[in-house]
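We will walk from one stop to the next, and at each one I will tell you what to pick out.

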Amino acid sequence: MIPAAFDYVRPQSVEEACSALADAGDEAKVLAGGQSLLPLLRLRLAYPTALVDVGRLAELQGIRDESDHVFIGSMATHYDVVRSPLINAECPLVAMATATVADPAVRHRGTFGGSLAHADPAGDLPAVALALDCTFVVRSGSGEREIPAADFFVDYLEPALSPEEILLGVRVPKLGPGWGYHYEKFHRTAQSWAIVGVAAAVRRSNGSIEEARIGLTNMASIPVRARAAETALRGVAITPAVPGETNGGADPVRDACGDAAADTSPPADLHAQPDYRRHLARVLTHRAVLTAARA
Amino acid sequence: MPRITVTVDGIRYDEEVEPRLLLVHLLRDRLGRTGTPIGCDTGNCGACTVMLDGKSAKSCSVLAVQADGCDVVTIEGLATGDRWHPMQTAFHQEHALQCGYCTPGMIMAAIDLLAEDPDPSEEAIREGLEGNLCRCTGYCNIVRAVRRGAQAMNEASEVTTS
């Protein structure tokens, strides 16, 4: 379908963008790469009165090394992220999950910040931001503020941004040596959303898991941490250490992942009922943690 | 209404566009580039794939105003005079189409893939074309055509560089 009519503004700076948003009122939307927003407009599931196009703002570009973290500008495309040597070296989980987003044409235009600000719990990047304890840097006419990932996702498609705020970028902490990573995603076709996804970062020491951080995709109206499994995994031996070993049937990592779906409220839709999603969360958490632990 | 400048298949256009006009509608309805079809309303099928500043994009998921100042290449801009692009020839030779609706998008996605990976494996081809759906062929001939097109393009570039 043809989208409903809207006004279009292309500001030349973040400052102008903030005032354009303030002027346009509650029903305005920020347009980034448009890869989530345009399908919604075409299906007439959204009727914004105005689009403020921040896609070309130089202030929102770039991926920078900032000592203890990597700063990813909100308009870095998925294509930029996947190819960034800095991200692959310092926060590879971000690159791993981004490589699974949609398809090459969508990754050329879709942006890191746009995906996060869209706050879709079925998107791949929110769970990663949560697992890595990223910090969101946002600006409005009244100044800049920082929002921890744990507070950024308020509800389904609802980030903790006021209508005139713009996401400048995200600080991704460098976790340093000793960590392994994996993003495990279960979906029906290449471009469909994750039925369930699991982002895992695991710190290893002497063949055991010292710390696990697990973010779950599409297990609630917001991305959630698998806290119970994270606690249960502390100190667990990484066995079998290589794929294919039987280890006499013992699988302590799998056992510890048994609570991966605790305190979640997975949605029911065409693809899966909640009980199936809980099952997937346990199975995929086991796979993600074990792969990350062996990495 | 916003005014945009866009180059399509080497020709520069100045157009006044409604903000809600999609790039694919600009191409088809205003500029007559009906070689780029519209397949779906969800950004899934990839039939409308074009090159936007040298990278593949689904023209149904781009506003015409977002393409202001950009260079667009459609399926109609690939041939040189009467000579098809090697990827078009390869799709013909390998019979990589039945109804042909997905073909323009498939060819654009294939050319985009080869820019990154000039000698892709079968697996890389299947991943590179994951954003493009074909409901007729089962993809086997399409994968073969991309292999053949890649070989032809590599041979052509060897001729020009030697």
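Start by selecting A102(A), which sits in the loop between α5 (92–98) and α6 of chain A; helices (H or I, at least four residues) and strands (E, at least two) are DSSP runs, numbered from the N terminus. Its phi is near 45 degrees, a positive value in a residue other than glycine. Is A102(A) buried or exposed? A102(A) is buried, with 24 other C-beta atoms within 10 Å. Here a residue is buried if 20 or more other C-beta atoms lie within 10 Å of its own, exposed if 12 or fewer, and partly exposed in between, with C-beta atoms placed from the backbone.

A word on what you are looking at: this is a predicted model, where local features need pLDDT of at least 70 and side-chain atom pairs count only at pLDDT 80 or more, while totals for chains, interfaces and linings use all residues. Residues are numbered from 1 along each chain as its sequence is written, and chains are lettered from A and ligands numbered from 1 in the order in which they are written.

**Next stop: where the chains meet**

Show both chains. You will find 25 residues of chain A in contact with 23 residues of chain B; two residues are in contact if their C-beta atoms, placed from the backbone, lie within 7 Å. On the chain A side, β1 (7–9), α2 (37–42), β3 (50–53) and α6 (104–109) each supply at least two residues. Which element gives the largest share? That is α6(A), with five residues. Colour this side of chain A by residue type and you get 15 nonpolar, five polar and five charged residues. In this scheme Ala, Val, Leu, Ile, Met, Phe, Trp, Tyr, Cys and Pro count as nonpolar, Asp, Glu, Lys and Arg as charged, and the others, Gly among them, as polar.

**A sheet in chain A**

Now select β11 to β14 of chain A: they form an open sheet of four strands in the order β11-β12-β13-β14, with antiparallel pairing. Two strands pair if DSSP finds at least two bridges between them. At the edges lie β11 (179–186) and β14 (224–225), each pairing on one side only. Zoom in on β13 (residues 208–217), which pairs with β14(A) over two bridges; there, G215(A) stands opposite R225(A).

In the loop between β13 and β14 of chain A, pick N218(A). N218(A) has a positive phi of about 65 degrees although it is not a glycine, and with 31 C-beta neighbours inside 10 Å it counts as buried.

**Across to chain B**

Select the open sheet of five strands in chain B, ordered β2-β1-β5-β3-β4 with mixed pairing. The edge strands are β2 (11–16) and β4 (55–58) of chain B. Inside the sheet, β3 (residues 49–52) and β5 (residues 71–73) of chain B pair in the antiparallel sense over two bridges, and M51(B) has V73(B) as its bridge partner. Show helix α3 (residues 103–116) of chain B too: this helix packs on the sheet, touching β3 and β4 of chain B.

**Last stop: zoom out**

Return to chain A as a whole, with 12 helices and 14 strands. Its C-alpha atoms fill a box of roughly 65 × 45 × 30 Å, taken along the principal axes. Buried residues make up 52% of the 295 residues in chain A.

Technical notes:
Axes fitted to C-alpha atoms, helices over the stretch in contact; angles between N-to-C directions.
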